[in-house]
Amino acid sequence: MSDGGNHFTAAASAVGYLYQARLALLLCIPHMNSGAEVEVSIERLDDISFEKDGTAFELLQTKHHIDRVASLSNASPDLWKTLRIWAEAAKDDPSLPSRAKLALVTTAAASAESAAALLRPPGAYPTGAKRNPKSASEILTEVAQTSANEALAPAFAAFLALAEPMRSALLSAVEVLDNQPLIADLDDELEHALRLVAPAGKAAAAREALEGWWWPRVCAALVKSPSEPIPIGLVEAKLDDIRDALKRDALVADFEHAEPGEAEYAEYDGFRFVQQLHVIGLGGNRLRFAKRDFYRAFAQRSKWTREHVVLDDEVGQFEQRLVEEWQPRFEAMCDVHGGTPPGEPTLKQDGQALYQWVENDARFPFRSLTARFLNVGSYHILANDLRVGWHRDYVSICTEEK
């Protein structure tokens, strides 16, 4: 959009939906290991809802503001639009306040002495102050009866349509959770919540893996009509898988199926590992696969090193094993061709046979992980440094041509 204001509004709305999804994941964590078959929904019964046996026991409205200037005054649209939703629901189902907690989760701050401030959870007050739904009901009733705000008139009418005992019952079920973290701060909140279930020092990795699984699951739920609930047992099971994968003796292969861009494919043409493959006459798709394995292994090893997942000498020890497995095979080839003149086709043919061993058979574990891309790609990393090669004369050929 060309209009700056409209663009901001669209961004704020989009962030609001993303906030719902991330917050829903965060709120799932306290329900894990409860033994109850709880489900979480987004945009089904409310912005976020928690259900058991098809009946909601917690409904949440979320209000995200990109900045902190918003406040929940007695005439706040955020507050009244939320109360309208719940008042209409309570009118249709008078049992709602007695069986469900109704939570307004907002990044805004409740004004001092406001009705919203009187509806915070019991543990949110300093010494000497306390939650007071009765006073909140009196304040909000007066606002609804006297306000001239036409935009909020339907919300006022829905609230006043409830008899006074039902208004009090409704507000007794309402909790206002103000000053909540912005969407960008949910990284820290999720990692803090996961610290007891993730291995030491792995909360950030656990969050990334869990959210990577969560987003497609949310999208699949939202495209259903109505939105489909997600069993928290699935979240729990996924977290168990992640925890097992993050144990000290396990490695997560994040790049096993990664695909380099065309820029990387083209850039690798100037690398020595590609030159080595040209020397033995390799081309076509096998050359492209080699570039892909180099990319995947390099990216994976870099990530493990950057995140301190591997010890300082583990990569070096793994490379040394690869070199030592290659050495006798290379030397055997050299013995066969001790007197073969340079340029003989048989040198290329046997070089291809040696490289074929790397492609098809060289599978050595890196700690607990044995992966083709890691083995083949690591051999290309070594070939790029001329620590291994396929042609008998690879060192002299690559050094001269470089």
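Predicted model: local features only at pLDDT ≥ 70, side-chain atom pairs only at ≥ 80, totals over all residues.
**View 1. The cis peptide bond at proline 226.** Serine 225 and proline 226 are joined by a cis peptide bond, with omega of about 0°. Most residues other than glycine have a negative phi, and most peptide bonds are trans. Helices (H or I, at least four residues) and strands (E, at least two) are DSSP runs, numbered from the N terminus.

View 2. Glutamate 43 is not a glycine, yet has a positive phi of about 55°. Its place is in the loop between S1 and strand S2 (48-52), and with 39% relative accessibility glutamate 43 counts as partly exposed. Buried means under 20% relative accessible area, exposed over 50%, and partly exposed in between (1.4 Å probe, protein chains only). Leucine 386, also a residue other than glycine, has a positive phi near 60°. This leucine is found in the loop between H15 and H16; leucine 386 is buried, with a relative accessible area of 16%.

View 3. The structure holds one cavity of 30 Å³ or more. On a 1 Å grid over the protein atoms alone, a cavity is a set of points where a 1.4 Å probe fits but cannot get out, and lining residues have an atom within 4 Å of a point. Grid points are joined across faces, edges and corners, and a volume is the space filled by probe spheres set on the points. The largest cavity has a volume of about 40 Å³. Val40, Ser41, Ile42, Val218, Ala221, Leu222, Ser227, Glu228 and Ile230 form its lining. Strand S1 (38-42) and helix H8 (203-222) are the elements that give two or more residues to this lining. By class, the lining residues are six nonpolar, two polar and one charged. Here Ala, Val, Leu, Ile, Met, Phe, Trp, Tyr, Cys and Pro count as nonpolar, Asp, Glu, Lys and Arg as charged, and the others, Gly among them, as polar.

**View 4. Cysteine 28 and cysteine 219.** The structure holds zero disulfides, a disulfide being a pair of cysteine sulfur atoms within 2.5 Å. The closest cysteine sulfur to that of cysteine 28 is in cysteine 219, at 15 Å, which is too far for a bond. Cysteine 28 counts as buried, at 0% relative accessibility, whereas cysteine 219 counts as partly exposed, at 46%.

**View 5. The largest nonpolar core and tryptophan 390.** A nonpolar core is a set of buried Ala, Val, Leu, Ile, Met, Phe, Trp, Tyr and Cys residues joined through side-chain atoms within 4.5 Å. The largest has 47 residues, and those with the most contacts inside it are Trp326, Tyr355, Leu374, Tyr379 and Trp390. Elements that give two or more residues to this core are helix H11 (272-279), helix H12 (284-306), helix H13 (314-336), helix H14 (345-360), helix H15 (372-384) and helix H16 (394-401). H13 gives the most, with eight residues. Not counting residues up to four places away in sequence, tryptophan 390 touches residues including Gln276, Ile280, Trp326, Met333, Tyr355 and Tyr379. Contact means heavy atoms within 4.5 Å.

**View 6. Helix H6 and a second core.** A second, separate core of 36 residues includes Leu79, Trp86, Ala155 and Met166. In helix H6 (residues 164-173), the buried residues are Met166, Arg167, Ser168, Leu170, Leu171 and Ala173. Their cover includes helix H2 (77-92), helix H3 (96-99), strand S5 (101-106), helix H4 (133-146), helix H5 (153-160) and strand S7 (174-177).

View 7. Histidine 31 is found in the loop between helix H1 (4-28) and S1, and is buried, with a relative accessible area of 18%. Not counting residues up to four places away in sequence, histidine 31 touches Phe50, Phe57, Glu58 and Ile232. Proline 121 lies in the loop between strand S6 (109-110) and H4. With that sequence limit, proline 121 touches Glu175, Val176 and Leu177.

Note on methods:
Residues numbered from 1 in each chain as written. Heavy atoms only, no water. 1 Å grid on protein atoms, 1.4 Å probe; cavity = no way out; pocket = protein on both sides within 12 Å on 5 of 7 lines; lining within 4 Å.
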